[in-house]
Amino acid sequence: MGRAQRILLLSAGVCLLVLVATGAASAAETAAGEEVESVGSGDTVLNVQENNETDADTDDLPVEPPTEESHPGYEYIQREDDTEEKIELGEQLYFDPRISETGTISCNTCHNVMEGGDDSRPTAMGVHGQTGPVSSPTVWNSGFHHTQFWDGRADTLAEQAEGPIVADVEMGMPDHEAALDRVRAVDGYVEQYEAVYGDEVDSDDPEDLVTLEHTVDAIAAYERTLVTPDSPYDQYVEGDEDALSEQELDGMESFQELGCQSCHSGPMFSGQWDEPESGEGFYQPHPTFEDNAQCQEYVEEYDLMENPGRMGVTDDEADEYSYKVPTLRNVEHTAPYMHTGQVPTLEESIRVMAACQLDEEPSDDEVEDIAAFMTTLTGEYPDQEMPRLPNPSGESMIPMDADGDLQDIEEEPADDNGVDDTGDTDDGDDTIPGLTFGGAVVAIALVTATALIGYSRRRND
Ligand code: HEC
Ligand code: HEC
């Protein structure tokens, strides 16, 4: 082999290494088994002991539970100014499709509180049938999350709620003012805003009352009420030994033997606790064990490495493929699973987690037991009633020309991935599409290779 060829081969090898190494960097951090055991002991540690005053001593229970805290209930996240009027206003806004461009999409379309708080679809479908790149998480118990979205790009429920109204794959309003103007045009709404916020702003001008801040504040107040306490698991940790069946107890043991609670700990099984809405999330790479052969198949089949994850927010390579550890509360009702919404069943999601997060392969019996255990995390859903929405008299809240953009959108369809052409993942904020980073690495690798080849040629010449 000539010198030029050798250099060429070498440089190709280096490029490959660079590619592989960058991809694996984030996974490698937690790739060692012991490190996984200690997840939650970094700066994102949450003091899991703090909230357990109400819980009984779990030592006498037949199987030691993965977390001793039961669901803390609404009181824990309720705010002083979460008045009945505010919650009612928030609920109306949550259910009102007329605030979307086409008058067809409300928050409830994608987060259906008549069921699991999601849309049962792989990825969400907004105005004009457009789909986004990720799955709708449940809104049940979302008031307990420290950050919102799969990648944690909003700190609070209120901040989160600003996004979907203007996201073009969701409610699709051109801007917030346009949405607010629709609300301002309805006397019934203005009166309600006045009842809730009138004293605070000392004005009866719809412009001062119906603001974005008040709108998302009211929606968040309603969302905080979406809590599901008193699951069989909660009854168990509070001392009722009979709350779980034999199989569910077996599943609880397997859950712990495999190490699921190293990430899914705390009362929400989302690895975090402390004050809600602190803005400090608990993120973990998925996959962690990228080299596990079974995991590689899952990654391929369920598109698990197509989005940048938390890196899309922080621009930090270490955060690539990292996601907020999702709650497992009511998880039996939120299929399909994972951020891509591609994993069809609870059993399959357990297999994916075991292979990709723990380098384990549980037996079919174990998987069934764990699934049975996970159903014990389903709490009591408070009944939801469809609210009566204020209505203008003799005219529609949606302007006659509101659909005018339909033509343009049909001419520029979303691309194959369903990612809209701005690369927005979801609720408004821009995130970097997965390809951008990968593309940059490939480009750098190519440039390096070309330079090396050129160099070796010159030397040989
Ligand atoms: C077209 C479907 C759609 C609509 C409409 C929609 N959402 Fe979402 N929502 C999503 C998707 C998809 C995500 C996840 C996006 C991500 O993480 O990048 C999400 C995330 C959330 C989250 C974060 C939950 C978590 O666990 O991180 C909350 C809370 C939420 N939405 C509330 C709302 C509210 C309130 C509205 C109405 C103002 C709304 N959504 C409208 C699809 C939708
Ligand atoms: C290293 C941390 C870690 C471990 C260990 C772990 N998980 Fe997860 N889990 C995650 C992350 C992060 C996600 C979100 C991944 C994604 O969407 O791609 C997740 C998602 C899930 C989901 C899907 C939830 C949804 O709403 O779509 C289920 C179910 C689940 N985990 C169960 C388990 C079980 C059961 C185990 C043990 C076999 C386990 N997890 C172990 C971090 C972990």
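## Overall fold

Of the contacts in the protein between residues at least 6 apart in sequence, 73% join residues at least 24 apart. The model described here is predicted. The protein has 17 helices and two strands. Its 461 residues include a buried share of 46%.

## Surroundings of ligand 2

Ligand 2 is surrounded by 29 residues. Cys260, Cys263, Tyr337, His339 and Met353 are the closest of them. By class, 19 residues of this shell are nonpolar and 10 are polar, while charged residues are absent from the shell.

Two helices, helix 11 (246–258) and helix 14 (346–358), each supply at least two residues of the shell. The largest share, six residues, comes from helix 14. Helix 14 is also the element against which the buried residues of helix 12 pack.

## The two sides of helix 12

Helix 12 spans residues 293–301, and Cys295, Tyr298 and Val299 are buried in it. These three residues lie on the same side of helix 12, because they cover an arc of only 100 degrees around the axis.

The buried residues make the packing with helix 14.

After helix 12 comes Asp303, which has a positive phi, near 55 degrees.

## Packing of helix 3 with helix 7

Helix 3 (residues 84–95) packs with helix 7 (residues 187–201) at an angle of about 140 degrees, and the axes of the two helices are 9 Å apart. The crossing in which helix 3 passes helix 7 is left-handed.

Which residues make this contact? Helix 3 contributes Glu85, Lys86 and Leu89, and helix 7 contributes Gln192, Tyr193, Ala195 and Val196. Classified by type, the residues of the contact of helix 3 with helix 7 comprise four nonpolar, one polar and two charged.

Notes. Residues are numbered from 1 along each chain as its sequence is written. Chains are lettered from A and ligands numbered from 1 in the order in which they are written. This is a predicted model: local features need pLDDT of at least 70, side-chain atom pairs count only at pLDDT 80 or more; totals for chains, interfaces and linings use all residues. A residue is near a molecule or strand if its C-beta atom, placed from the backbone, lies within 6 Å of it. Helices (H or I, at least four residues) and strands (E, at least two) are DSSP runs, numbered from the N terminus. Ala, Val, Leu, Ile, Met, Phe, Trp, Tyr, Cys and Pro count as nonpolar, Asp, Glu, Lys and Arg as charged, and the others, Gly among them, as polar. A residue is buried if 20 or more other C-beta atoms lie within 10 Å of its own, exposed if 12 or fewer, and partly exposed in between; C-beta atoms are placed from the backbone. Two residues are in contact if their C-beta atoms, placed from the backbone, lie within 7 Å. The arc is that of the directions from the helix axis to the C-beta atoms. Axes are lines fitted to C-alpha atoms, for helices over the stretch in contact, and angles run from 0 to 180 degrees between N-to-C directions. A crossing is left-handed if the near helix is turned anticlockwise from the far one by less than a right angle, and right-handed if clockwise.
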